[in-house]
Amino acid sequence: MNIDPFLLWLESTALSQWVVGSPSLFAFPGILALHAIGMGFAVGICLALDLRVIGVAPGVRIAEMRRFVPMVWIAFWINTISGVLLLIGYPTKALTNPVFYLKLLLIAVGLMLFGRIGRRVFDDTAGDGHAESPALRRLAIISMVCWVGAITAGRFLAYTYSRLTALD
Amino acid sequence: MLRDLQIWLVNSTVAHSPVVDIMRTAWAWPIAESVHFLGLCMLIGCIGTFDLRLLGVAKRVPIAAMHRLIPFGILGFVINISSGLLFVLTEPDQYIYNPSFHIKLLFLGIAGMNAGMFYLSSYRQVFTAQASLNAPLRAKVIAAISLGAWITVIVAGRLITFYRPAPCSAEDVTWVLQCSPGKGLR
């Protein structure tokens with residue numbers, strides 16, 4: 001399937017050209033900065049939860065960490081919106097690079113694990129008993145590996161693309 | 001002349017540095033950047049959540065218990081100082097003349113002094129208090145400044161690439177801090 005006509009059209013839209021071409025700090029640089037802030041909070045809080053699950057900060061009742069979940073979702077939506085804007089700016093660069101799909105896959109698995117770990121620990125009224133469960137710890141470790149992979153894949157997008165625009 | 005001294009200094013350090021040899025191998029720079037981003041996430045995930053706790057999120061968590069995550073935030077910070085030094089030691093001109101980098105350093109300093117203020121002023125008070133303590137106003141102000149400073153550090157860091165100094169020729173230079181000496185001159 002040749003998606004070049006779609007990529008050409010997308011890159012010709014006013015929004016795409018604003019993201020890429022505007023000299024405004026709120027265009028490409030601002031969107032990138034938002035994407036970094038969102039990453040810090042979304043991935044950071046997920047990592048903090050994973051650390052708690054593998055036994056760090058035992059005085060924190062895991063169930064209470066659910067109070068930070070809204071921040072993860074706010075940050076997730078900041079990054080979905082800023083990510084889509086970056087994708088509209090450089091659709092060819094991302095969509096023709098397998099590393100981009102790897103990044104999306106790792107984020108999807110990371111979020112799924114966040115949900116699974118949350119279901120196991122957030123509605124826990126009996127205390128932190130099953131925080132010790134090896135199965136849960138395994139999920140937390142896989143989750144951390146996914147986030148490290150997603151960050152690395154994201155950074156490598158700047159170095160591994162084969163085409164910058166549909167004209168290349 | 002100051003500028004000649006500087007070019008000589010940069011050349012003699014960069015040209016004989018093992019760090020530069022490593023950082024100029026194929027994937028070293030992007031790997032160091034990925035590590036830098038991971039450190040950022042650890043710092044925000046541990047220090048940022050502690051700040052949020054002081055501001056009133058998850059009030060049922062004792063502040064002292066929440067503080068057990070702080071060493072991992074500091075680990076993130078150490079990871080970022082180390083990986084950050086790799087960039088600066090490899091391409092010093094790209095950073096020492098970069099206004100976005102200057103702002104980043106400024107807010108790193110503010111975040112550091114602010115953290116020092118916390119341990120000097122509020123630490124003992126919030127640590128000995130009851131589990132569901134509402135942090136005192138002073139600690140909340142410190143937490144808000146901390147969040148703001150770290151977010152500014154992220155923004156300024158991410159914008160460094162848009163403020164790279166242009167290389168300049170010898171005739172244009174009136175003051176050494178105006179532009180990067182440029183590879184062509186070396």
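**First selection: H3 and H4 of chain A**

Select A:Phe28, A:Ile31, A:Leu34, A:His35, A:Gly38, A:Met39, A:Phe41, A:Ala42, A:Ile45 and A:Cys46 in H3(A); they meet A:Met71, A:Val72, A:Ala75, A:Phe76, A:Ile78, A:Asn79, A:Ser82, A:Gly83, A:Leu85, A:Leu86 and A:Gly89 in H4(A). Two residues are in contact if their C-beta atoms, placed from the backbone, lie within 7 Å. By class, this contact comprises 15 nonpolar, 6 polar and no charged residues. Here Ala, Val, Leu, Ile, Met, Phe, Trp, Tyr, Cys and Pro count as nonpolar, Asp, Glu, Lys and Arg as charged, and the others, Gly among them, as polar.

This is a predicted model, in which local features need pLDDT of at least 70 and side-chain atom pairs count only at pLDDT 80 or more, while totals for chains, interfaces and linings use all residues. Residues are numbered from 1 along each chain as its sequence is written, and chains are lettered from A and ligands numbered from 1 in the order in which they are written.

Now display the axes of H3(A) and H4(A), the latter spanning residues 69–89: the packing angle is about 145°, with the axes 8 Å apart. Axes are lines fitted to C-alpha atoms, for helices over the stretch in contact, and angles run from 0 to 180 degrees between N-to-C directions.

Colour chain A by secondary structure to display 7 helices and 0 strands. Helices (H or I, at least four residues) and strands (E, at least two) are DSSP runs, numbered from the N terminus. The C-alpha atoms of chain A occupy a box of roughly 60 × 30 × 20 Å along the principal axes.

Show both chains: 29 residues of chain A contact 31 residues of chain B. On the chain A side, H3(A) gives the largest share, 14 residues. That side has 21 nonpolar, 4 polar and 4 charged residues.

Finally, select residues 28–53 of chain A and 28–55 of chain B, the two H3 helices, which pack at about 70° with their axes 7 Å apart. H3(A) and H3(B) are therefore roughly perpendicular (65 to 115 degrees) to each other. Among the residues that meet are A:Met39, A:Gly40 and A:Phe41 in H3(A), and B:Phe37, B:Leu40 and B:Cys41 in H3(B). The contact of H3(A) with H3(B) contains 12 nonpolar, 5 polar and no charged residues.

Technical notes: Angles under 35 degrees count as roughly parallel, over 145 as roughly antiparallel, 65 to 115 as roughly perpendicular and the rest as oblique.
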